[in-house]
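Hello,

Here is the structure I promised to pass on to you. Have a look at it first, and my notes follow below.

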Amino acid sequence: MTTTVRLSDTALLAYDAVGAGIPLLALHGAYSARGEVRDFLEPMIDARPVRRVYIDLPGHGDSRPSSGVRQPDDVLDLVDLLLDKEAPTGRFLVLGHSFGGHFARAIAARHPDRIAGIALICPALPGEQRTPAPAVVRDDHVSTALDPDQRAEYEGYFVVRTVETFERFRRAVVPVVGEVDEQTLESAITAGPHTADPDTVAVDAPVLVISGRHDHWVGWERQQRLGDRYPRATVVTAGDAGHALPHERPGLVAALLSDWLDEIGVPTAPARRQ
């Protein structure tokens with residue numbers, strides 16, 4: 001069920017929540033929506049006692065109209081309203097893909113004493129993006145079944161083009177690619193500046209950073225250096241993957257998230273009696 005919090009009639013945040021346990025705020029990237037993250041994340045962590053809160057960033061999905069969201073800190077103000085409803089006290093987790101990773105860091109910088117862990121998947125970082133040249137890891141020519149617009153979307157996002165990634169694209173990406181409030185995207189869904197700078201606020205919690213070596217959208221070299229900013233960081237650069245890393249290497253991402261949750265102390269589900 002979709003729930004909303006509002007700063008005004010044109011400044012809102014839509015989300016839905018699944019499960020019970022420690023809250024986890026999950027954020028998608030630009031030009032996407034919460035359904036994409038929910039699709040890849042649910043099978044990875046649904047056995048854990050985690051309340052997954054899937055958020056549509058302003059200007060995306062159900063978080064429209066959004067002309068009242070004029071700067072990045074407005075997004076964080078909306079997240080604070082969400083926290084008041086979903087996690088008013090205690091510790092919580094944040095996870096983000098692409099620009100969602102940037103906002104995950106910014107949320108942690110606002111609430112460093114409450115953050116139990118941060119997971120960043122192909123995170124966008126402030127400043128110039130050092131990106132590799134576009135490359136294709138594998139192409140089984142599955143995209144010929146798509147119309148021209150969807151084919152361009154798929155081939156621009158995925159560097160591993162197989163039957164498996166094609167199905168994930170159709171299931172997880174196609175349904176959330178739609179109209180985006182471009183004005184909000186340009187003014188608010190940016191890498192800051194924020195009042196609390198993610199590059200200067202110390203966070204003493206387990207941090208997981210996963211990047212794709214062939215990510216020609218945000219790169220991977222600068223992301224590796226996040227290990228210098230977070231004293232409890234695990235930093236992994238995955239070969240044979242790009243910006244669609246959670247769709248292209250889901251087994252690896254699931255294993256790393258499982259290790260991250262173990263380090264935080266989130267228990268696994270009890271074994272079922274035979």
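To start with a detail you can find quickly: Ala14 has Asp56, in strand 4, as its bridge partner. Please keep in mind as you read that this is a predicted model.

**Around strand 4**

That bridge belongs to the pairing of strand 2 (residues 11–18) with strand 4, which runs in the antiparallel sense over 5 bridges. Strand 4 also pairs with strand 3 (residues 22–27), this time in the parallel sense and over 6 bridges. If you want a residue pair to look at there, Pro23 stands opposite Arg51 of strand 4. Strand 4 itself spans residues 50–56 and is mostly covered, with 6 of its 7 residues buried.

Helix 1 (residues 34–45) comes into this part of the picture through Glu42. Is Glu42 buried or exposed? With a relative accessible area of 17%, Glu42 is buried, because the cut-off for that label is under 20%. Setting aside neighbours within four places in sequence, the contacts of Glu42 are Val18, Arg52 and Tyr54.

**Strand 6 and Ile118**

Strand 6 (residues 115–121) is the one that holds Ile118. This strand is mostly covered too: 7 of its 7 residues are buried. Its pairing with strand 5 (residues 92–97) is in the parallel sense, over 6 bridges, and His97 stands opposite Ile121 of strand 6.

Ile118 deserves a look of its own. Its relative accessible area is 0%, so it counts as buried. Which residues does Ile118 touch, not counting those up to four places away in sequence? They are Val94, Ala108, Val203, Pro206, Val207, Leu208, Tyr230 and Trp260. As a further distance to check, the C-alpha atoms of Ile118 and Leu25 are separated by 9.7 Å, and the two residues are 93 apart along the chain.

Helix 2 (residues 72–86) has 15 residues and reaches 21 Å from its first C-alpha to its last, close to the 21 Å expected at 1.5 Å a residue. Its buried residues are Pro72, Asp73, Asp74, Val75, Leu76, Leu78, Val79, Leu82 and Leu83.

In helix 3 (residues 99–110) you will find His102. His102 has 1% relative accessibility and therefore counts as buried. Leaving aside neighbours within four places in sequence, His102 is in contact with Ala124, Pro126, Thr190, Ala191, Gly192 and His194.

**Backbone details**

Gly192, one of those contacts of His102, also takes part in a cis peptide bond: the bond from Gly192 to Pro193 has omega near 10°. Pro193 sits in the loop between helix 6 (182–187) and strand 9 (207–212). There is a cis peptide bond from Arg64 to Pro65 as well, with omega near 5°, and Pro65 is placed in the loop between strand 4 and helix 2.

Tyr31 has a phi of about 65° and lies in the loop between strand 3 and helix 1. Asp240 has a phi of about 55° and lies in the loop between strand 10 (233–238) and helix 8 (245–248). Tyr31 is partly exposed, at 44% relative accessibility, and Asp240 is partly exposed with a relative accessible area of 46%.

**The largest pocket**

Tyr31 turns up again here. How many residues line the largest pocket, and which lie nearest its centre? The lining has 18 residues, and those nearest the centre are Ala30, Tyr31, Ser98, Trp217 and His243. The space in this pocket is about 390 Å³. Helix 4 (residues 148–157) supplies the largest share of the lining, with 4 residues. By type, the lining residues divide into 10 nonpolar, 6 polar and 2 charged.

Happy browsing, and best wishes

Terms used: Residues are numbered from 1 along each chain as its sequence is written. This is a predicted model: local features need pLDDT of at least 70, side-chain atom pairs count only at pLDDT 80 or more; totals for chains, interfaces and linings use all residues. Side-chain values use heavy atoms; hydrogens and water are left out. Helices (H or I, at least four residues) and strands (E, at least two) are DSSP runs, numbered from the N terminus. Buried means under 20% relative accessible area, exposed over 50%, partly exposed in between (1.4 Å probe, protein chains only). Contact means heavy atoms within 4.5 Å. On a 1 Å grid over the protein atoms alone, a cavity is a set of points where a 1.4 Å probe fits but cannot get out, and a pocket is an open set with protein on both sides within 12 Å along at least five of seven lines; lining residues have an atom within 4 Å of a point. Grid points are joined across faces, edges and corners, and a volume is the space filled by probe spheres set on the points. Ala, Val, Leu, Ile, Met, Phe, Trp, Tyr, Cys and Pro count as nonpolar, Asp, Glu, Lys and Arg as charged, and the others, Gly among them, as polar. The expected span of a helix is 1.5 Å times one less than its number of residues. Two strands pair if DSSP finds at least two bridges between them.
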